[in-house]
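Reader: I'm new to this one. Could you walk me through how to read it, feature by feature?

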Amino acid sequence: MLTFVGRGWGCARALAPRATGASLLVVPGSRPALTFGAARESWATDRLYSAADLKEKLDMSRFPVENIRNFSIIAHVDHGKSTLADRLLELTGTIDKTKNNKQVLDKLQVERERGITVKAQTASLFHNYEGKQYLLNLIDTPGHVDFSYEVSRSLAACQGVLLVVDANEGIQAQTVANFFLAFEAQLSVIPVINKIDLKNADPERVENQIEKVFDIPSDECIKISAKLGTNVESVLQAVIERIPPPKVHRKNPLRALVFDSTFDHYRGVVANVALFDGVVSKGDKIVSAHTQKTYEVNEVGVLNPNEQPTHKLYAGQVGYLIAGMKDVTEAQIGDTLHLHKQPVEPLPGFKSAKPMVFAGIYPVDQSEYNNLKSAIEKLTLNDSSVTIHRDSSLALGAGWRLGFLGLLHMEVFNQRLEQEYNASVILTTPTVPYKAVLSSSKLIKEYREKEITIINPAQFPDKSKVTEYLEPVVLGTIITPDEYTGKIMMLCQARRAVQKNMMFIDQNRVMLKYLFPLNEIVVDFYDSLKSLSSGYARDKAHSIGKAMCERLKDCLPRQLFEIAIQASIGSKIIARETVKAYRKNVLAKCYGGDITRKMKLLKRQAEGKKKLRKIGNIEVPKDTFIKVLKTQSSK
């Protein structure tokens, strides 16, 4: 139960780059009390449109702004977000009720295989409540911290959220982080306690946790079982009554925010948009505020949950737009679209994602370079939190150095490249960025700044030319049963963490907050946390260098001369392994005789090997570099 919230840079003396990764969220310091109006008991649900109606283009003008609700579902991993989304789709008649409705909005193969939500997905629900027809735009979001950028972008298109909490597990780390994302965006929060059907469920305990941690009154919580459908209708009622309609103006010129996009091989870029002002329809000429390019709208519609074309989209509504954008660089997430010759003030967009894990990616065969480049560009259109820098390696050839929000984010990106674009790639060991404050005037002139950021270990400057090194630090939140508190505190101290806060959220559970060096926690900290082991050494450079040397020793072919493999930090050697030479038995032809004859032969052999070491070349097989550099499966 771990997340990382907040970020910064701390000072360290002599640091060695190592495999690490994390993702970050910003947490405001204060938590004013939140209050909501009481929910009414009556409810009704009917299909607004029949299946036959949906075959025709929908008339979205039937929904005035006051009858629109835009909301997201947020929660910790495996607390039941996608299951609740399935029940809401069934309850509003958006999909037929069958036993096969599991993770309906999780459309990617990687999501089905891993059982997690990776991409935020949108669905428009039509609902009849107290004689009025409502349009409910639902966005199901990921729960893992590595995909928090998906959550923050989704919240920009919403006015409220459903905060789902497991009735058995209670509040967990990502529950806290996602709540503060919604709080920072000033959204209405509806707490939903899920899985009340479980044997060990304790919804009253979870109510008290929500009231203590989030200052939300316990009587505001809605208790449901998304799996069985118990009391889910109360969630729809609360969405309509507690979440305000969007504040928009339909008579103003068009102003639409692109909050997500995908690439279709036949239609080009499909942009998911939230309309803040105006109206857009097929045939309109629109302009991108980012590129200033003009396009003609080919199709607009809503996701129901599949694409359903409409005549128009109106302010306050969420849908998709296709405008013949054929180049993936033309659709920037956070861009503002407006009508041709009717410029508007661009919307704020999104804060840039701060990647904290970097890894090299190269094609297995250099002839596939252009195909891999195209695949990466199309996939980063759908995942804008990935940063790209061109890179090259003497061993692996031309490639890229990509920045990710965490290790899972990196693994999922690699898996999507293979599954969706049939790309075969080499992924190197991940590292975290460092900063160096330069003391050499020559280097300052070369870099044109005194403080530089290093994302590639090969570019690490010598410490004799550096005043100090800076490493990224994160504020980590750990929620644990109180009997493990002592061991976890020892583990955190072994990872150079500084305790910032400790609070009992109920009688049995403690919330700890620590400031961690990023490179100490991301790769294996969660596994160590689960096993509650202790006694870690603080200086990891020697063990990491020794492991790399041993791995290279096993991979390099033996030669006729001895090969020394060394790991160093600057000029200091911290680890060494030796590949023994092949040795011919030059004494085989000696059957006795004087010892000086044998010594002469051995001396001549030693001189030959010494000469070979000076002039000999080692041809290193390509797979040797791959085995040494690529991410280990255990990580």
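Reader: Which residues in H8 are buried?

Author: Among them are Tyr369, Leu372, Ala375 and Ile376. Further along H8, the stretch Lys378, Leu379, Thr380, Leu381 and Asn382 is buried too.

Reader: What does H8 lie across?

Author: H8 lies across E18, E19, strand E20 (397–404) and E21. Its direction is at about 15° to E20.

Reader: How should I read those strands as a group?

Author: Here's the general idea: strands of a sheet pair through backbone hydrogen bonds, either parallel or antiparallel. In this structure, four strands make an open sheet, ordered E19-E20-E18-E21, with antiparallel pairing. At the edges sit strand E19 (387–393) and strand E21 (425–427), each pairing on one side only. From one strand to the next, the twist averages 30°.

Reader: How many bridges pair E18 with E21?

Author: Strand E18 (residues 357–363) and E21 pair over three bridges, in the antiparallel sense. To find one of the partners, look at Tyr362: its bridge partner in E21 is Ile426.

**Charged pairs**

Reader: Next topic: salt bridges. What's the idea, and how many are there in the whole structure?

Author: Side chains of opposite charge can pair when their charged atoms come close. A search of the whole structure turns up 19 salt bridges. Take Asp260 and Arg153, whose closest N and O atoms are 3.9 Å apart. This pair links distant parts of the chain, with Asp260 in strand E8 (residues 255–264) and Arg153 in helix H4 (residues 148–155), 107 residues apart.

Reader: Is Asp260 buried or exposed? And what about Arg153?

Author: Asp260 has 5% relative accessibility, so it counts as buried. Arg153 is buried as well, with a relative accessible area of 2%.

Reader: What about Arg496 and Glu520?

Author: Their side chains meet in a salt bridge at 2.9 Å, N to O. Arg496 lies in the loop between helix H11 (485–494) and strand E25 (498–504), and Glu520 in the loop between strand E26 (509–517) and helix H12 (525–531), so the pair ties together parts that are 24 residues apart in sequence. Arg496 counts as partly exposed at 26% relative accessibility, whereas Glu520 is buried, with a relative accessible area of 2%.

Reader: Where do Lys546 and Glu550 sit?

Author: Both are in helix H13 (residues 541–555); because they are four residues apart there, about one helical turn separates them. Lys546 counts as partly exposed at 34% relative accessibility, and Glu550 counts as partly exposed at 34%. Salt bridges with shared partners join Lys546, Glu550, Lys553 and Glu577 into one network.

**Confidence**

Reader: Where does pLDDT stay under 50?

Author: One such stretch is residues 10–52, for which the model has 149 contacts beyond four places in sequence. Another is residues 631–635, with 11 such contacts. Where pLDDT is low, the predicted coordinates should not be read in detail. Over the protein chain, pLDDT averages 80, and 84% of the residues score at least 70.

Technical notes:
Residues numbered from 1 in each chain as written. Heavy atoms only, no water. Salt bridge = Lys/Arg side-chain N within 4 Å of Asp/Glu carboxyl O. Helix = DSSP H or I, 4+ residues; strand = E, 2+ residues; numbered from the N terminus. Buried < 20%, exposed > 50% of the residue type's maximum accessible area, 1.4 Å probe, protein only. Pairing = 2+ DSSP bridges. Axes fitted to C-alpha atoms, helices over the stretch in contact; angles between N-to-C directions. Contact = heavy atoms within 4.5 Å. pLDDT = per-residue confidence, 0-100.
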